[in-house]
Amino acid sequence: MQMSDSREIQADRETVWAAILTPEVLKTCVPGCQELTGTPEEGFEATVVQKVGPVKATFKGQVNVSDMDKPETLKLSGEGKGGAAGFAKGAAVVRLEEAGEGVTRLHYDVEANVGGKLAQLGSRVIDGFAKKMADQFFTRLQEAIEGPANEADAPEAEATPGEAKKGWFRRMVGAGGGAA
Amino acid sequence: MPKDHGIGASSKRREDVRFLTGTGNYTDDINVYGQAYVAFVRSDVAHGRITGIDTAAAEAMPGVLKIFTGSDFEGVGGLPCGWQVTDRFGEVMKEPPHPVLAQGKVRHVGEMVAAVVAESLQEARDAADAVMLDIEELPAIVDMKKAVASSETLVHDEIGTNLCYDWGFVEDNRDAVNQAIKGAAHVTTLELVNNRLVANPMEPRVAVGDYNRAGDMSTLYTTSQNPHVIRLLMGAFVLGIPEHKLRVVAPDVGGGFGTKIFHYAEEAFCTFAARALKRPVKWTSTRSEAFMSDAHGRDHVTKIELALDEANNFVAVRTETYANMGAYLSTFAPSVPTWLHGTLMAGNYKTPNIYVNVKAVFTNTVPVDAYRGAGRPEATFQLERVIDKAARELGVDPMALRRQNFITEFPYATPVAVEYDTGDYHATADKIAEIADFAGFETRRKESEAKGKLRGLGINCYIEACGIAPSNLVGQLGARAGLYESATVRVNATGSLSVMTGSHSHGQGHETSFPQVVSEMIGIPEDQIEIVHGDTANTPMGMGTYGSRSLAVGGSAIVRATEKIIRKATKIAAHLLEASEADIELKNGAFSVAGTDKSVAWGDVTLAAYVPHNYPLEDIEPGLEETAFYDPSNFTYPSGAYACEVEVDPETGQVTVERFSAADDFGNVINPMIVEGQVHGGVAQGIGQALLENCVYDETGQLLSASYMDYAMPRADNVPMVTVDHSCQTPCTHNPLGVKGCGEAGAIGSPPAVINAVIDALHSGGFTHVTHIDMPATPNRVWAAMQG
C-alpha cells in the first residue's frame, strides 16, 4: 500500500533534519518502539511491539537511512520480522521544503508491505493501520520538535517534564526560537 | 407408493447416527501410542531464495526430537503429478519438481520449509516459531497474463517460462472455427473470471504416520478421498516403500470436495518422519494452514465468443482461457482445465464448430486443482453466461434460444471428443418451468418492485461428464492411472454381507445407498449389508471417490461382484434343492425351483458354502466371496436445468437468493433423499461461489483471504430452500445401474443461474449497460456496476 501526506513543522529544515536522524527521536516517534540503537550511517536496530487486528507481535528489524541530500530529502526504510506473525516492511521518502521563516513543510511518501499472518488475518485492517502508524510517526516527530499541541495529546512514551510548549528535542539540542 | 427399501427408497443415512452423535472416527481421533507431533515452518513470502535456516535455538527447546529441512529430503522423490497434458504443438507440459520440503527456493506463501517434531504439539509449535528463516525475497508473480509475458520473474527458473502448457482442443478444428466466426451473422463476446476458491471442508486435513519396526511396516492415517491412490503415489514415487509394506487408512472424512484427492507433502512427511524417528508422527492442520496449503479451486480467466447465424442457430464457440496452476502441479491439476473442461464446451447444444485454447500458468500461489465440479463448472459458467448475453443482444427469450439449439438425438458425438449416450434437455427445461413457477414470476417481480427491490430470473442448462472414467480413454488423454473401481463382496456364513469397496465415502452416504443396491439384488434386508471402505489393508485396490463416480463406477463394481456371488449361490442352491441350476430363481432372499414350492433360504445356502457337508465340492470351491473390477466404457452425462430468482437492493447492491430450483436428469436414482441432499449441498456451494467466496492474493503474493474474517462462506441465511426434482430420467446406457452421478451437479449448475438472475434484475431496473458481473457478485461489485 502507498500513502502520501505532508505537514508543516514550526522549525527550520536543519532542525527537522537533525531530529529525524537522532536515535532518541526515532525511538519516540516509531509507535510501539521498545528499543532503538545505532547511527544513521550504519543503520538502526529496532524492536517494536504492535498489534494489528488479531495479530500481536514483537518485530525485530533494521531501519536504514539512505538517499540523504541534506537538508532536503532522505529515505527511511525498515523491515521487521515478527516471527510467527509474519513480517512488515516499508520505506518513507521524506522531503523537506522551506515554507516561510522557520517553517518546514515535510512531505512523505510511504510504501508498506506485510506478509504472513499479518497479511492473512489483518488484511482488512492493514491499510488503516499503516496510515495510522505513519500519521503517528510524523505527529510525534512534529511534537518532538515543536512540543505537543496540548498536554493531553502528548505521546505516552514521552515522560519529559518541563516546558509544555517547547519540543524536547529542541530543548535537548538547545535550538532557539519557540514556535508557540 | 414409494419403496421403503432397496433401489429407489429414501433409506435414512445410517452413518449419520455416528456423525450426529459425536461418535465418528476421524483421523484426528486416531492417536497412536507414543506419537510425536509436527509443526511446519512455512514461508511467509511468496517467492524467495532460501539463504539460511537457523535451527540451533529451536533444537535446544524442550521436547524437540528433530528438525527436518529440505536437505533431509535430498534423494527422496518429489510429489508426482498424475496427469500429463500434451500441448497444441505436440510438446508435453512443463513439469517442474515438487519437493516435500522446499529446496533452494520458496514459491508460495505457506510452502513448507522446515518441520519440527516434538513430544507435544505445543512444544513443536513453540520451537517452529524459533526456527529462523533467511529468505532473500524475489519479485512474486500472481497475475497469470503477466506471468506468461514475463521472462524475468520465473516461478521455476529451470523451465525458463511460467507457461505450463498451451493446449488447443480440438486443434484441427481451429481454422474451421475461425472461419465460422468470421462469417457469422452475430458474435457475442464475453470476458470473465471464474473466481479462485478455497474448498474449506469442515474437517481440516490430518495425517498420522506410524512405523512398525518389527514388520518394517508403515501406516499412514490420512484425510483422503482415495487411500489406494495415496499409497501408490507416496509409496512408489515419493518414499520408495513397496505397497505390501505400506498401509493407508482414510477413516471417517469430514468432507472432501476434491481437495482431499491429492497427495500432499504433509502426509508424505509424517510417513517419512515416522520411519526416521521410529515414532508415530501426527499433524493436524489449523484452519490458517488449510487456507494456504489445501489445493485451491477454479481460477480461470476466460474470453469466450459465441457465433450465431441469422436464424440464431449456434455456429461456433471459441474460447481462450488462462488457468492458474499455482506454484506446483498438484496431483490432477493439468487435467482440470483441459479434459474436464474443454470436452464440456458443447454443453447441451449442437454447436458444430468448437475450439478451446487453455494456457496453464505457474504463479506464486498455492497449487490449484479439482474442486467440486472441476473444470465442468468453468465450462458451464462461460457458456451459459455468453448464451444469456447473446439472447439479450438479439432480443430473444434466453430459454427459447437454448431450446432452439438443444441436442435432441442420442447418442450424440460432440465436436469436442465426447459422445453423450442419453439425455432429454427439453424434458428438464419443461420441468424447471413448472417447478420454478415461471408463470408466476412477473407477479413476484411486481411484489419485489413494490418493496423497492429489483427481481431477476436466471436460468442455466448444464451437461457434465461424470463416472470418471474409461481407463483406456483417459490413458490416451494423459492420465497416469486407470480409473476403474473395485469391490469385494464377502458373504458371511450366516448370510450377512461385508462389501469392500474402493470408493470412499466422505459425506456421500455410501454406507446407506450401496446396501440398497445389494439388497435389491439378493432380497435380504439392507441392515444385513455392511460397507467397508477407506483402508488399503482390507479393500481391493480402487481409485476412490471424485468426479461423481462412486455409484456409476464403484456401484457397478459392486453389482458385478454381487452377480458373481449370486451365480455361485445359485449353484449351491441347485445342489441343495436337487434341481437344475437353470430352474433356480432368487427372490426375496430365497432360492426356489421355478414352478414348485421347493425353496431354500439365503442363509441356508451361505451356511452350506462355509459348512460344506452337503456341497458339490467336486464342482465348486467352498466359501462365498467374490471380487470385481469395473471399468466404464464411457463417461456418464447428467444434465439439467436450473432456475434462480434473486432480489437486488438498488440502494446497496445487495443480492439475496429468493428462490432456487433444480431439475436434474441423473438417470436412475438409488436413494432420492441422498440425491436431494447432494444437490442441496452443491447448490449452496455454487451460491457461495456466485455471491460470497473469493480467494484473494495481493500483488506481492500474500494471501489476503486466509481466514473466515475475509473469506465468506455461505451460511444458512444465504441459501433459500432449494426445490429439487429428478423425475426426468434417461438412464445411462452403459452401466448396469443406469445411473449417472449427482455429486457435483449442484455446484456446476448454480453459479451461472445466479449471475444470470442478477443481470436480469439489473436490466429490469433499467441498468441495461450492465452486461456482466464477475463472481462473487458482492454488494460492492453490483453497486459499482450499476453506477456504470
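**View 1. An open four-stranded sheet of chain B, with strand order 18-26-27-28 and mixed pairing.** In this predicted model, local features need pLDDT of at least 70 and side-chain atom pairs count only at pLDDT 80 or more, whereas totals for chains, interfaces and linings use all residues. Residues are numbered from 1 along each chain as its sequence is written, with chains lettered from A and ligands numbered from 1 in the order in which they are written. Strands (E, at least two residues) and helices (H or I, at least four) are DSSP runs numbered from the N terminus; two strands pair if DSSP finds at least two bridges between them. Strand 18 (454–463) and strand 28 (722–725) of chain B are the edges, each with a single partner strand, so one side of each lacks a neighbour in the sheet.

**View 2. The antiparallel pair of strand 18 and strand 26 (residues 639–648) of chain B.** Ten bridges join the two strands. Asn460(B) lies opposite Tyr642(B) of strand 26 of chain B.

**View 3. The contact between chain A and chain B.** Twelve residues of chain A and 13 residues of chain B take part, contact being defined by C-beta atoms, placed from the backbone, within 7 Å. On the side of chain A that touches chain B, strand 7 (104–115) and helix 3 (117–146) of chain A are the elements giving two or more residues. Helix 3 of chain A supplies the largest share of that side, five residues.

Definitions and conventions: Two residues are in contact if their C-beta atoms, placed from the backbone, lie within 7 Å.
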